[in-house]
Structures are given as structure tokens and as C-alpha cells.
Amino acid sequence: MVYAIVRAGGRQEKVSVGDLVTLDRVPAEAGSTIELPAVMLVDGDEVTTGADDLAKVKVQAEVLENLRGKKIVIQKYKNKTGYKKRQGHRSELTRVKVTSIA
């Protein structure tokens with residue numbers, strides 16, 4: 001089993017070939033290919049974590065679509081003062097499919 005830990009949008013994701021992963025928005029069009037930087041590579045019993053070895057590792061992913069996440073509602077309320085505030089937020093996301101780890 002070959003998998004890699006990649007850095008994507010301020011987080012780290014565990015990916016293997018064929019996985020669908022949702023990341024923070026990547027500036028790429030649907031159908032294009034992006035490269036994700038590897039933090040760790042596991043190939044069977046062999047674990048690669050050295051910076052020099054990881055510079056040679058290429059994790060390729062195909063951009064499937066750009067989408068928006070679920071709406072988050074933020075509400076603030078203070079009793080007896082008439083203060084209430086409502087705010088919403090939707091994250092900009094990108095769904096990718098990992099095509100190769102080499």
C-alpha cells in the first residue's frame with residue numbers, strides 16, 4: 001500500500017492513488033493537473049521523511065470541480081440589551097482526484 005501525506009491549504013491530507021480529496025480553493029481550472037507537496041511517503045514498510053528525498057516525490061492530482069462548502073451561520077446574542085448579530089460564511093473549495101504518486 002503506497003500513500004503520501006501532502007500539504008494542501010494549511011492542512012495535511014493522507015492520499016493514495018484514486019482518492020477524491022476536497023481542499024481549500026486551488027487556483028486551477030477543472031480538468032487541469034496540479035502537484036501537491038509531499039510531507040511523508042509510505043511505500044509498504046519503507047517510510048520517507050527526509051527533505052532531500054521528498055523533493056523527488058511527485059504527487060499529481062486532477063482538478064475535478066470548484067465548489068462552495070456548506071453554509072455556516074454565526075449568531076451572537078446578549079440578553080436584555082437588544083444586541084443580536086448574524087453572519088454567514090461559505091468556504092471556497094476544490095475537489096481533486098489523485099492520479100499518481102511517483
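This is a predicted model: local features need pLDDT of at least 70, side-chain atom pairs count only at pLDDT 80 or more; totals for chains, interfaces and linings use all residues.
User: Which side chain meets that of Glu-65 in a salt bridge?
Analyst: A salt bridge needs a side-chain nitrogen of Lys or Arg within 4 Å of a carboxyl oxygen of Asp or Glu, and for Glu-65 the distance from N to O is 2.7 Å. Its partner lies in strand S10 (residues 92-101) while Glu-65 lies in strand S7, so the pair ties together parts that are 30 residues apart in sequence; helices (H or I, at least four residues) and strands (E, at least two) are DSSP runs, numbered from the N terminus. The partner is partly exposed, at 28% relative accessibility, and the residue asked for is Arg-95.

User: Which residue forms a salt bridge with Lys-58?
Analyst: In this salt bridge the closest N and O atoms are 3.9 Å apart. The pair links distant parts of the chain, 23 residues apart, with Lys-58 in the loop between helix H1 (51-54) and strand S7 (59-68) and its partner in strand S4 (residues 33-36). Lys-58 is partly exposed at 38% relative accessibility, and its partner, partly exposed as well at 45%, is Glu-35.

User: Which residues are linked with Arg-11 in a network of salt bridges?
Analyst: Arg-11 is partly exposed, at 36% relative accessibility. It forms a salt bridge with Glu-13, where the closest N and O atoms are 3.4 Å apart. The network joins Arg-11 to Glu-13 and Asp-24.

User: How many salt bridges does the structure hold?
Analyst: Among them are the bridge between Arg-95 and Glu-65 and the one between Glu-35 and Lys-58. The number for the structure is six.

User: Which residues gather in a patch of negative charge on the surface?
Analyst: Patches are made of residues with over 30% relative accessible area and no salt bridge, with like charges joined within 9 Å and nonpolar side chains (Val, Leu, Ile, Met, Phe, Trp, Tyr) within 5 Å. Lys and Arg count as positive and Asp and Glu as negative, leaving out His and the chain ends, and the place of a charge is NZ of Lys, CZ of Arg, CG of Asp or CD of Glu. One member, found in strand S5 (residues 38-43), is Asp-43, which is partly exposed with a relative accessible area of 44%. The patch consists of Asp-43, Glu-46, Asp-52 and Asp-53.

User: Is Thr-48 buried or exposed?
Analyst: Thr-48 is found in strand S6 (residues 46-48). Leaving aside neighbours within four places in sequence, Thr-48 is in contact (heavy atoms within 4.5 Å) with Met-40, Leu-41, Asp-53 and Leu-54. At 12% relative accessibility, Thr-48 counts as buried.

User: Which residues does Ser-16 touch, not counting residues up to four places away in sequence?
Analyst: Ser-16 sits in the loop between strand S2 (11-15) and strand S3 (20-24). It is buried, with a relative accessible area of 12%. The residues that Ser-16 touches are Met-1, Val-2, Tyr-3, Val-98 and Ile-101.

User: What separates the C-alpha atoms of Gln-60 and Pro-37?
Analyst: Gln-60 has its place in strand S7 and counts as partly exposed at 23% relative accessibility. Beyond four places in sequence, its contacts include Thr-33, Ile-34, Glu-35 and Ser-100. Pro-37 lies 23 residues from Gln-60 along the chain, and their C-alpha atoms are separated by 9.3 Å.

User: What is the phi of Lys-80?
Analyst: Most residues other than glycine have a negative phi. Lys-80 is found in the loop between strand S8 (72-78) and strand S9 (83-89), and at 78% relative accessibility it counts as exposed. Although Lys-80 is not a glycine, its phi is positive, at about 70°.

Methods. Residues are numbered from 1 along each chain as its sequence is written. Side-chain values use heavy atoms; hydrogens and water are left out. Accessible areas come from the Shrake-Rupley method with a 1.4 Å probe; for residues, only the protein chains shown count as cover. Buried means under 20% relative accessible area, exposed over 50%, partly exposed in between (1.4 Å probe, protein chains only).
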